[in-house]
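Student: I have a structure open here and would like to go through it. Can we take it piece by piece?

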Amino acid sequence: MRKVNILIAGVGGQGVMTIGLLLKYAAVKAGIMVGGTETRGASQREGSVNSHVRFGVLEPGEEYDERRGIHASLVPSGTADLLIGLEPMETLRNAKYVSSNGVTIMNTYEVWPVSVRAGEAEYPPIEKFVEAMKAFTPHVYTVNVNSMADEKYGGYTMAGTIMLGIAFATGRIPLEMHHIEETIRERLGNPEENIDAFHFGYKEGKKILSS
Amino acid sequence: MVSDVALNEPGKRVLLLGNEAVARGALEAGVGLASGYPGTPASEVLDTLVEVAKEFPGLVAQYSTNEYVALETAIGASWSGVRALCAMKMVGMNVASDPLFTLCYCGVGPGGGLVIVNGGDPSCISSTNEQDNRYYGLHAHMPVVEPSNPQECKDFTSTAFGISEEFDVPVMLNMTARTSHSLGPVVLGELRPPKEEGYFVKNWGKYFSALVIAVSNKQKLLRNMARLAENYAYSTTLNKILEGKRRIGIVTSGVSYNYTLEALDMLKLYDVPILKLGLVYPLSKKLVAEFAENLEKIVVMEELEGFLEDELKKIAYDEGLSVKIVGKELFSPAGELSVDDALIAYSKVFGVEPPINPQELALKTLGFSSLLMMRTPGFCPGCSHRATLYAIKKAVEGKGYDIVWGGDIGCYANASLPPFNMGDFMVCMSAGVSIASGISFKSKKQKVVAFIGDSTFFHTGMPAVLNAVWNNADILIVVMDNGWTAMTGHQPHPGTGLSASGKAKAVDIAEVCRALGADYVRVVDPFNLRQAISVFDEAFKRSGVRVVVSRQECVLQSKRRMREIEAEKKRKGIEEFYEVAEHICIFCEECLKAFGCPAIVVGEFEGKKVSKIDLGRCVNCSVCKQLCKGCAITHTKIWRNTSILEEAKS
């Protein structure tokens with residue numbers, strides 16, 4: 001069984017849980033094995049959050065074997081094929097999960113911890129995070145989905161869905177586009193705008209990945 | 001998803017959380033009463049049953065005031081011949097342990113299987129310790145069942161009701177935060193309608209546990225457990241063996257089984273014999289002996305204590321097995337385990353190089369720790385707790401008091417963190433009040449404060465307050481009354497005016513405190529700073545038991561309602577907000593640092609730093625305006641006739 005691991009990281013309220021759930025429900029539609037969990041460090045109170053998504057894809061002709069299946073809900077260290085980081089610091093906090101050949105998409109929009117907001121500390125420059133991430137995988141891409149969302153839709157609400165589109169463009173998610181579209185339609189409020197944002201993210205993602 | 005839990009579509013594959021799957025399993029077993037007290041990670045079991053209860057006439061699902069009351073309620077249903085489920089987090093089991101031991105002696109009612117769901121918390125993600133409640137099974141002579149994924153959560157719950165009835169004993173379903181909060185596919189089974197009407201069949205010799213009855217009850221219990229261990233534990237499908245020809249075998253259960261399989265897959269070891277236990281207490285000697293027959297060594301992977309390891313060693317000694325048994329020398333008893341732990345241990349045990357070195361990766365991340373700032377938890381924008389703490393801080397400022405701050409369980413535990421640093425200890429539900437009392441009896445020079453939440457007050461706080469009054473403690477009790485059991489997901493409590501089934505009597509905490517004999521009881525609105533500060537000032541100057549109830553609804557709940565009100569206001573053309581008049585702000589940082597509201601950030605005005613209100617997060621609580629030293633924070637309310645403006649536009 002081919003195991004595909006995806007980790008989504010960010011701060012409570014950014015849509016980490018929503019992206020994780022969409023991927024899991026879409027996998028049920030696609031008929032592949034799925035598992036996962038969310039770790040919440042006081043998510044409502046601006047803590048670090050991440051969502052672990054695990055897919056199991058049977059190769060053609062392969063029969064299910066329990067010993068080779070998906071069981072753990074947590075992604076093992078060094079095995080994530082895709083790290084979707086909605087915030088720079090939270091992306092790096094979860095760096096140990098990404099595989100040496102994994103893709104990292106990092107949103108450069110900063111969510112400041114209390115100490116930075118209070119002027120007691122400075123948020124490190126983005127380049128430092130990119131450099132640090134490159135110690136784990138060479139495939140690190142940066143994007144500011146918040147400003148993309150703000151420009152196109154006015155406000156940050158669509159940022160998470162745009163990020164999902166970009167992530168899908170990496171080709172690391174073993175699902176068809178329609179699985180995700182159908183799931184968005186069933187599970188999210190304002191589905192038309194979300195599907196539009198997903199497509200927009202996908203197109204932008206293709207550009208970012210080829211640059 | 002909760003809505004999938006009630007689906008009457010046997011055979012359908014849905015995605016459920018572990019806790020939701022337990023609720024589904026109970027519904028498939030025809031549960032007639034569900035009780036419990038909220039507590040992470042177990043809360044969603046009862047929350048789910050409460051939510052779907054209206055679709056199952058005959059199912060009574062209710063929140064109780066605490067865990068022992070919850071278990072006693074479940075016992076009543078069981079003894080009336082109705083299947084009952086009781087859910088709690090692992091420390092709640094300590095509270096429920098009083099009825100538990102005798103319940104095991106008495107057993108359950110005819111057709112009234114009783115399942116206790118225990119939510120364990122390895123790594124103490126939301127608890128004050130990580131106790132291993134499998135020992136309650138050993139101690140109370142109670143079977144313990146442990147699922148490892150959502151499908152098993154559902155299936156094992158149904159099975160547990162059957163075990164309970166067949167062996168006349170309650171059964172514990174042992175979950176951990178990871179099993180509770182993992183999402184996975186579940187194939188639904190048949191729903192069984194709950195028994196609508198029960199009947200208590202008198203049986204004095206069974207239920208009136210004392211003296212000889214208690215002893216003979218215990219003998220009956222021991223016989224039943226022996227029968228369970230000998231026969232059922234051997235043949236049950238809760239346990240399974242994965243065959244393999246290696247001489248080193250693995251015994252495991254729950255999430256550790258998942259980690260074992262994944263690690264062995266990474267190490268390409270597919271021939272290791274594995275005994276996966278679903279019934280973790282009692283164990284079958286015969287099963288263990290058969291599994292160990294050709295083995296030189298057994299590795300036991302389990303979270304927390306070496307419970308299975310010890311049970312296996314007992315059996316090995318009794319059965320004269322020569323197999324070497326190791327467990328806790330490979331896996332730490334502290335903290336949650338993971339695939340990484342399994343990978344490290346098994347690569348050592350089997351002498352296989354791992355494809356990934358988790359320790360190296362963790363070290364590499366550590367190398368960048370200077371870039372990773374702590375995101376300390378704090379109070380939400382507009383949280384009443386922040387205002388209460390600020391008011392107290394102002395009331396004692398410059399007075400030279402030596403104050404001990406007693407903490408308790410709830411969101412207000414964040415009081416111990418900056419900027420307040422008002423939490424010197426935290427132990428268990430309502431311990432804040434009683435420990436504070438104890439300090440006040442022996443440390444006369446210090447002023448002692450005890451914080452307690454509203455739900456905690458009803459849980460076990462009342463006897464603590466009564467004891468303080470009775471023994472004349474010298475303490476200030478501050479009840480952080482936000483109207484809900486907020487931290488665990490806003491379940492109602494006796495002061496809310498709601499029960500699980502709808503409207504209920506609302507009990508006033510201040511009235512209760514007066515009835516408990518407290519002479520000094522005051523209610524303050526923390527959003528009215530001047531009033532709150534003056535009351536706290538007075539309360540600190542007095543002696544004896546003083547109670548201040550600081551009352552203001554949890555902002556997450558009021559915000560939900562405000563959303564509609566705000567939309568309505570917008571429609572009517574009313575715009576309301578708070579902002580900093582930048583040219584007046586002297587940047588004294590009182591709002592920013594001493595109060596520390598996350599909706600206040602640092603801005604810039606004409607080259608100097610100023611405070612700025614993030615309008616996207618501000619909920620108009622008004623407290624920053626009240627505390628602003630330079631009167632720089634303004635409240636704006638603009639009225640406009642929007643309909644005329646709209647018409648004019650078109």
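Student: Is B:Tyr390 buried or exposed?
Tutor: B:Tyr390 is buried, with a relative accessible area of 4%. Keep in mind that this is a predicted model.

Student: And what puts 4% in the buried class?
Tutor: Buried means under 20% relative accessible area, so B:Tyr390 at 4% falls in that class.

Student: How many aromatic pairs does the structure hold over all chains?
Tutor: There are 20 aromatic pairs, counted over all chains. One of them joins B:Phe167 and B:Tyr232, with ring centres 5.7 Å apart and planes at 70 degrees, so that pair is edge-to-face.

Student: Where along chain B do B:Phe167 and B:Tyr232 lie?
Tutor: B:Phe167 is in helix H7, residues 150–167, and B:Tyr232 is in helix H10, residues 211–235. They are 65 residues apart, and the pair links distant parts of the chain.

Student: What is the relative accessible area of B:Phe167? And of B:Tyr232?
Tutor: For B:Phe167 the value is 2%, which is buried. B:Tyr232 has 16% and is buried too.

Student: Back to B:Tyr390, then. How are the rings of B:Tyr390 and B:Phe595 placed?
Tutor: Their centres are 5.5 Å apart and the planes stand at 80 degrees, so this pair is edge-to-face. B:Tyr390 lies in helix H16 (residues 384–396) of chain B and B:Phe595 in helix H22 (residues 590–595), so the pair ties together parts that are 205 residues apart in sequence. B:Phe595 is buried, at 2% relative accessible area.

Student: Which residues cluster with A:Phe168?
Tutor: A:Phe198 and A:Tyr202 do; with A:Phe168 they form one aromatic cluster.

Student: What lies over the face of B:Tyr270?
Tutor: A:Arg68 does, at 3.6 Å from the ring centre. Within chain B, the charged end of B:Arg522 sits over the ring of B:Tyr520, at 4.2 Å from its centre.

Student: New topic: helices. At roughly what angle do H2(B) and H7(B) cross?
Tutor: The axes cross at roughly 35 degrees and come within 7 Å. H2(B) covers residues 18–28, and its crossing with H7(B) is right-handed.

Student: Which residues make the contact?
Tutor: From H2(B), they include B:Ala21, B:Val22 and B:Arg24; from H7(B), B:Cys153, B:Lys154 and B:Phe161 are among them.

Student: How many of the contact residues are nonpolar, polar and charged?
Tutor: The contact of H2(B) with H7(B) has 6 nonpolar, 4 polar and 3 charged residues.

Technical notes: Residues are numbered from 1 along each chain as its sequence is written. Chains are lettered from A and ligands numbered from 1 in the order in which they are written. This is a predicted model: local features need pLDDT of at least 70, side-chain atom pairs count only at pLDDT 80 or more; totals for chains, interfaces and linings use all residues. Side-chain values use heavy atoms; hydrogens and water are left out. Rings of Phe, Tyr and Trp (its six-membered ring) pair if their centres lie within 6.5 Å; planes under 30 degrees apart count as stacked, over 60 as edge-to-face and the rest as tilted. Helices (H or I, at least four residues) and strands (E, at least two) are DSSP runs, numbered from the N terminus. Buried means under 20% relative accessible area, exposed over 50%, partly exposed in between (1.4 Å probe, protein chains only). A charge sits over a ring if NZ of Lys or CZ of Arg is within 6 Å of the ring centre and within 35 degrees of the ring normal. Axes are lines fitted to C-alpha atoms, for helices over the stretch in contact, and angles run from 0 to 180 degrees between N-to-C directions. A crossing is left-handed if the near helix is turned anticlockwise from the far one by less than a right angle, and right-handed if clockwise. Contact means heavy atoms within 4.5 Å. Ala, Val, Leu, Ile, Met, Phe, Trp, Tyr, Cys and Pro count as nonpolar, Asp, Glu, Lys and Arg as charged, and the others, Gly among them, as polar.
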